[in-house]
Protein chains: 2
Amino acid sequence: MAKLLVLYKTPTDASAFDAYYTETHIPLAKAIPGLRSYEVSRGAVASPAGESGVHLVAILTFDSLSDLEAGLGSPQGQAAAGDLPKFATGGAELLMFETQDA
Amino acid sequence: MAKLLVLYKTPTDASAFDAYYTETHIPLAKAIPGLRSYEVSRGAVASPAGESGVHLVAILTFDSLSDLEAGLGSPQGQAAAGDLPKFATGGAELLMFETQDA
């Protein structure tokens, strides 16, 4: 399997972020070809020290890294990526990797 | 469900990190009560810009945030957390959150 992690840093307006993410971004991301599962954080993203600076975490799972790359390179993937600047006012860190069970 | 993400930043000695993580840290973390699944990245952790600065990602899944917190607070959880300074020479970012399907 392979995963795309998206760590959205605290936005300038959390309510506006949440509304846009749910209503507009999720439907765009769900359309990415090859997407097997799509989980998002609910509520606070905590760190051991307290505030994490991360507002929302998205975990998108694909069958393989090549499927992930093909998905992001597709028109639907490009549309979802191109949507980020419209709401991710705190910035976003994207991480892509293959996974295995520990 | 709830997840603990651990983002290990690039260590000073990647080979030493990998050996210690596999041989010592994984067995400690697997002993945490309530742990339902434990996935780790395999190979490079990429970002769209190229180098991500992250060497390894661990995704630990629990049934709930309270199970996650109880697991980390247990003797086994404290042992695993206390092990981090022994090998995470680049530092590590820990994020804890509930998840839902998008």
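This is a predicted model: local features need pLDDT of at least 70, side-chain atom pairs count only at pLDDT 80 or more; totals for chains, interfaces and linings use all residues.
**Interface of chain B and chain A**

Chain B places 29 residues in contact with 29 residues of chain A. Between chain B and chain A, about 2700 Å² of area is buried, and carbon and sulfur atoms give 60% of it. On the side of chain B, R42(B), Q100(B) and A102(B) supply 23% of the area that this chain buries against chain A, more than any other three residues.

Four salt bridges are counted between chain B and chain A. In one salt bridge the side chain of K3(A) meets that of E39(B), at 3.7 Å from N to O. Polar contacts across the interface of chain B and chain A join ten residue pairs, with both residues at pLDDT 80 or more.

Several elements of chain B give two or more residues to the side that touches chain A: the strands β1 (2-9), β2 (35-47), β4 (54-62) and β5 (92-101), and the helix α1 (14-30). By class, the residues on this side of chain B are 17 nonpolar, five polar and seven charged.

**Helix packing**

Two packed helices are described by the angle between their axes and the distance between the axes. The table gives these values for one pair in each chain.

| Helix pair | Angle between axes | Distance between axes |
|---|---|---|
| α1 (14-30) and α3 (75-83) of chain A | about 155° | 8 Å |
| α2 (65-73) and α3 (75-83) of chain B | roughly 70° | within 4 Å |

In chain A, helices α1 and α3 pack with their axes 8 Å apart and at an angle of about 155°. Angles over 145 degrees count as roughly antiparallel, and α1(A) and α3(A) are therefore roughly antiparallel to each other. From α1(A), the contact is made by Y20(A), T24(A), H25(A), L28(A) and A29(A), and from α3(A) by Q76(A), A79(A), A80(A) and D83(A). The residues of this contact of α1(A) with α3(A) are five nonpolar, three polar and one charged.

In chain B, the axes of α2 and α3 cross at roughly 70° and come within 4 Å. Two of the residues in the contact of α2(B) with α3(B) are nonpolar, four are polar and none is charged.

Note on methods:
Residues are numbered from 1 along each chain as its sequence is written. Chains are lettered from A and ligands numbered from 1 in the order in which they are written. Side-chain values use heavy atoms; hydrogens and water are left out. Axes are lines fitted to C-alpha atoms, for helices over the stretch in contact, and angles run from 0 to 180 degrees between N-to-C directions. Ala, Val, Leu, Ile, Met, Phe, Trp, Tyr, Cys and Pro count as nonpolar, Asp, Glu, Lys and Arg as charged, and the others, Gly among them, as polar. Contact means heavy atoms within 4.5 Å. Buried area is the accessible area (1.4 Å probe) that two parts lose on being put together, summed over both. A polar contact is a pair of N or O atoms within 3.5 Å; within protein, one must be able to donate a hydrogen and the other to accept it, and residues adjacent in sequence count only if both atoms are side-chain atoms. Angles under 35 degrees count as roughly parallel, over 145 as roughly antiparallel, 65 to 115 as roughly perpendicular and the rest as oblique.
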